Amino acid sequence: MSTTGATADPLAALGSLPSVAESVESVRKAVDRVYGHRVMRRRSNAVTSEAALRGARGSAALSGADWALEEVRRRSDFGVDEDARVVGAALRLTAEAGQLLSVWRQSPLRVLARLHLVAAATDGDEVGRPRQAGETVDEPLIELPLPGAAEVSGRLEGLADLIIAGTEAPALVTAAVVHGELLALRPFTSYNGLVARAAERIVLIGSGLDPKAICPAEVGHAELGRASYLAALDGYVSGTPEGVAAWIAHCGRAVGLGVRESTAVCEALQRGAA
């Protein structure tokens with residue numbers, strides 16, 4: 001994980017970069033607008049439910065299971081093939097994320113282990129713990145060099161320490177760094193992308209930026225496309241301030257597109273069409 005210098009709060013240092021500050025302000029204004037929609041005063045639960053479904057669909061699409069929204073909505077069997085398992089895992093993670101908010105700030109590694117357990121939905125020895133030396137990773141869409149198990153352990157501990165200590169950084173910055181670090185490390189043997197995006201969701205909700213979970217960044221990441229996602233991730237992995245800032249800006253655009261999606265849901269509910 002990159003920092004911009006020796007500081008007790010490297011995430012806050014990232015937040016002070018001009019391009020990042022601009023992204024943070026843009027996201028805040030967009031989120032405030034959708035929370036001010038008149039539908040949110042009386043039907044916020046419906047918007048939250050729809051955002052969860054659409055977010056899960058978007059996360060699954062980025063992991064290779066690009067189903068139409070109505071297919072996700074109508075299906076009940078998610079164990080018949082690999083794509084179905086990915087969609088099922090994304091749906092389970094979206095549902096689970098809201099149950100882990102109170103644990104995240106005290107024990108982020110415990111939350112990450114739980115997310116992997118929920119995604120994998122098996123009782124294998126490799127489930128729910130960081131991978132060990134010699135274990136392979138099933139994450140075919142991310143072709144970055146894979147850090148060794150010792151590096152993974154050290155960087156996860158460092159990330160956890162930052163979360164537990166607290167930060168003055170904006171929620172967008174923290175969420176983007178958590179997301180990017182998990183994608184760079186791929187700490188589990190499977191479902192790392194889904195877990196990383198679920199962790200981003202937890203930070204955005206738990207920070208108070210999106211307390212009702214109506215701004216699904218996963219929708220935006222999917223809309224921006226895998227190529228853009230991976231190119232921005234390359235910037236994060238480069239460790240340069242410019243590269244990390246570009247990744248944070250990408251995550252900001254994703255949240256903004258999630259806001260747009262939920263604004264459309266609000267408009268449809270207002271018209272009685274959804």
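Predicted model: local features only at pLDDT ≥ 70, side-chain atom pairs only at ≥ 80, totals over all residues.
## Helix pairs

Two packed helices are described by the angle between their axes and the distance between the axes.

| Helix pair | Angle between axes | Axis distance |
|---|---|---|
| α3 (residues 44-62) and α11 (residues 217-224) | roughly 40 degrees | within 7 Å |
| α3 and α5 (residues 82-97) | about 135 degrees | 8 Å |
| α9 and α13 (residues 241-271) | about 110 degrees | 9 Å |

Let us take the pairs in turn, starting with α3 and α11. Their axes cross at roughly 40 degrees, and α3 and α11 are therefore oblique to each other. The crossing of this pair, α3 with α11, is left-handed. On the α3 side, the contact is made by Arg54, Gly55, Arg57, Gly58, Ser59, Ala61 and Leu62, while α11 brings Glu218, Val219, His221 and Ala222.

The crossing of α3 and α5 is right-handed. Ala52, Leu53, Ala56 and Ala60 of α3 meet Val86, Val87, Ala90, Leu91 and Thr94 of α5. By class, the contact of α3 with α5 has eight nonpolar residues, one polar residue and no charged ones.

The crossing of α9 and α13 is right-handed. From α9, the residues in contact are Leu172, Val173, Ala176, His179, Gly180 and Leu183; from α13, they are Trp247, Ile248, Cys251, Gly252 and Val255. The contact of α9 with α13 counts eight nonpolar and three polar residues, and no charged ones.

## Residues within the helices

Is Glu50 buried or exposed? Glu50 has its place in helix α3, and because its relative accessible area is 13%, under the 20% cut-off, Glu50 counts as buried. Its side chain makes a polar contact with the side chain of Arg54, at 2.7 Å. Arg54 is also one of the α3 residues that make the contact with α11. Not counting residues up to four places away in sequence, Glu50 touches Leu69, Arg73 and Val265.

Val87 lies in helix α5 and takes part in the contact of α5 with α3. At 2% relative accessibility, Val87 is a buried residue. Which residues is Val87 in contact with, leaving aside its neighbours within four places in sequence? They are Ala60, Ala65, Trp67, Val72 and Phe78. Ala60 belongs to the α3 side of the contact with α5. Ser16, in turn, is 71 residues from Val87 in sequence, and the C-alpha atoms of the two are 37 Å apart in space.

Ala176 lies in helix α9. It has a relative accessible area of 0%, so Ala176 is buried. Leaving aside neighbours within four places in sequence, Ala176 is in contact with Trp247, Ile248 and Cys251. Ala176 and Arg201 are 25 residues apart in sequence, with their C-alpha atoms 9.9 Å apart in space.

Most residues other than glycine have a negative phi.

Ala121 lies in the loop between α7 (108-120) and α8 (149-165). Its phi is near 55 degrees, a positive value in a residue other than glycine. At 52% relative accessibility, Ala121 counts as exposed.

Where is Tyr191 found? Tyr191 is in the loop between α9 (171-185) and α10 (192-206). Tyr191 has a positive phi of about 60 degrees, although it is not a glycine. At 15% relative accessibility, Tyr191 counts as buried, whereas Ala121 counts as exposed.

Note on methods:
Residues numbered from 1 in each chain as written. Heavy atoms only, no water. Axes fitted to C-alpha atoms, helices over the stretch in contact; angles between N-to-C directions. Helix = DSSP H or I, 4+ residues; strand = E, 2+ residues; numbered from the N terminus. Parallel < 35°, antiparallel > 145°, perpendicular 65-115°, else oblique. Left-handed = near helix turned anticlockwise from the far one by under 90°. Contact = heavy atoms within 4.5 Å. Buried < 20%, exposed > 50% of the residue type's maximum accessible area, 1.4 Å probe, protein only. Polar contact = N/O pair within 3.5 Å; in protein donor to acceptor, adjacent residues only side chain to side chain. Nonpolar A, V, L, I, M, F, W, Y, C, P; charged D, E, K, R; others polar.
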